[in-house]
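Work through these exercises with the structure open. Try each task before you read its solution.

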Amino acid sequence: SADSTQDQVQARCEAVLSHGGYSSLLDLLFQFSIKFGYIDAEALKRDVVFPRFRQGKLDLVVTINCSKPEIVAGVAVAQKYVPPDTAQCVLCWANVGYKTGLRAFEFTTPNVGAAAAAAVAAPPRRWFTQLPPYPYFHHHSVIVQREHEAQVITDATVHDLLAMCDRFAPVAFASNTDRNGSGASNLAHRHYQAGSYDFPVFAAVAAIVGRCPHTGASVEFLDFPCAAARVRGESPAAVAAVAKRLLHGWRDSDLHVALGLPADLQTMSFVCRRRFPDGGGAVGGVGDGEGAFEMTLIPRNGSRRTREQLHSVKKEFVGIIEMLGYAILPGRLKPQLDVLRCHLADVLAKEGAGGEAMSAVRLAEEVQLFAAWWDAYVAVAARRLVAEGRSSADDSLANEAVQEALCLAFADIIRDNSAFDSADLGTARRWLRNSDVVCI
């Protein structure tokens, strides 16, 4: 019921976990959140998920989230919820049970890093799982540290994600950075994100293959819009050993000098999942000889942000979920894209895709903010489709062109926010060498 105490919800979660696993536990929290008003089910129905976009090597998912407010740096957003006096921020434990419909599941993980440093057993790390009020995908959840501590990327981040992955497969666990400008929404309180989704980065192929001696883990630098390295190993310890080297090989080396990046804005994002030989129990199984644990590291620098030309599509900071190939675009785009589609359909039907007819100068005033995107992406997509033999009178052409333009723009947004060009294999090899990885 709506007045169920946190203790009662915790007991129910533990019972569900023991019989149905962590995914069933997340289903329970979702049902509770919907039933008692923490998540607006009607708002979720307005969200848009476009068909998965595959073109050449690109593999992306683009969505429009109509329940989430657009949060732009320097622009105040009206806060409808005021945390209790005992909470230091909106993520603090004191909000659980205080905010309408918000309940959570408490758990612990081994304090691997502290235990290794002290050579003795360390108290476990305490966490709770809660759902966001506007989930992005199936089982999207937030893992929050019980104590109010700042979001800081350290070796402990690697151990935390692997421990959660080990205990709660098949759900994937991810971490944003600890620097402004690179996607972190709350730097005051350590938190991670999780969910059951086959993110496009998981399917990325290797551009460089490497090994880290004496660890048993493999390393791949990926062919993906952003720079990313994937570590695979048979145990959390094997993956952690290499992932920590990659973290320090990026953040603590002189790579930023060659790239012209501010040293104090060097940081990292992560995603971790557990894989199984038969493909069961995990998103996207694994073939013979591949590791059971997989962590992908995405180097970031807070100075690398989306070009102004694409701010009409997304002006918000770009976080870990989007760097994995899953776009979360603002709800204002839904009506704006409708206007743009209608304009494109009208132009194509009356004048075709050539000449001045496609120019952005003819856009209505209400969508003139899209002028640069229109000329560089929409017009190009429409002309390409017509050149391939599609009739400009085809009713579906405008819709396809706008969707393609949106997906290609998102690919460039990922590239803009990458710490370095993923096609720059020289820098990639230098990063791997700095991390004691032997390129094969």
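## Exercises with solutions

**Exercise 1. Which residues does Ser 33 touch, leaving out those up to four places away in sequence?**

Step 1. List the contacts: Ser 33 touches Tyr 38, Ile 39, Gly 101 and Leu 131.
Step 2. Ser 33 is in helix α2. The model is a predicted one.
Step 3. Judge its exposure. Buried means under 20% relative accessible area. Ser 33 has 4%, so Ser 33 is buried.

**Exercise 2. Describe how helices α1 and α2 meet.**

Step 1. Recall what is needed. Two packed helices are described by the angle between their axes and the distance between the axes.
Step 2. Read off both values. The axes of α1 (residues 6-20) and α2 (residues 22-35) come within 7 Å, and they cross at roughly 145°.
Step 3. Name the residues in contact. α1 supplies Val 9, Arg 12, Cys 13, Val 16, Leu 17 and Gly 20. α2 supplies Tyr 22, Ser 24, Leu 25, Leu 28, Leu 29 and Phe 32.
Step 4. Sort them by class. The contact has 9 nonpolar, 2 polar and 1 charged residues.

**Exercise 3. Which residues of α1 are buried, and what covers them?**

Step 1. Pick out the buried residues: Gln 6, Val 9, Gln 10, Cys 13 and Val 16.
Step 2. Look down the axis of α1. These buried residues fall within an arc of 130°, so they line one face of the helix.
Step 3. Link this to helix geometry. An α-helix has 3.6 residues a turn, so residues three or four places apart point the same way.
Step 4. Find the cover. It includes α2 and β4 (105-109).
Step 5. Turn to the face away from the buried side of α1. That face carries the exposed residues Asp 7, Arg 12, Ser 18 and His 19.
Step 6. Follow the chain onward. Gly 21 comes after α1, and its phi is positive, near 90°.

**Exercise 4. What span should helix α6 have at 1.5 Å a residue?**

Step 1. Count: α6 (residues 236-251) has 16 residues.
Step 2. Note the buried residues of α6, among them Ala 238, Val 242 and Trp 250.

**Exercise 5. Is Ile 143 buried or exposed?**

Step 1. Locate Ile 143 in strand β6 (residues 141-145).
Step 2. Check its accessibility. The value is 0%, so Ile 143 counts as buried.
Step 3. Look at its contacts, which include Tyr 22, Phe 107, Trp 127 and His 191.

Notes. Residues numbered from 1 in each chain as written. Predicted model: local features only at pLDDT ≥ 70, side-chain atom pairs only at ≥ 80, totals over all residues. Heavy atoms only, no water. Axes fitted to C-alpha atoms, helices over the stretch in contact; angles between N-to-C directions. Helix = DSSP H or I, 4+ residues; strand = E, 2+ residues; numbered from the N terminus. Contact = heavy atoms within 4.5 Å. Nonpolar A, V, L, I, M, F, W, Y, C, P; charged D, E, K, R; others polar. Expected span 1.5 Å × (residues − 1). Buried < 20%, exposed > 50% of the residue type's maximum accessible area, 1.4 Å probe, protein only. Arc of directions from axis to C-beta.
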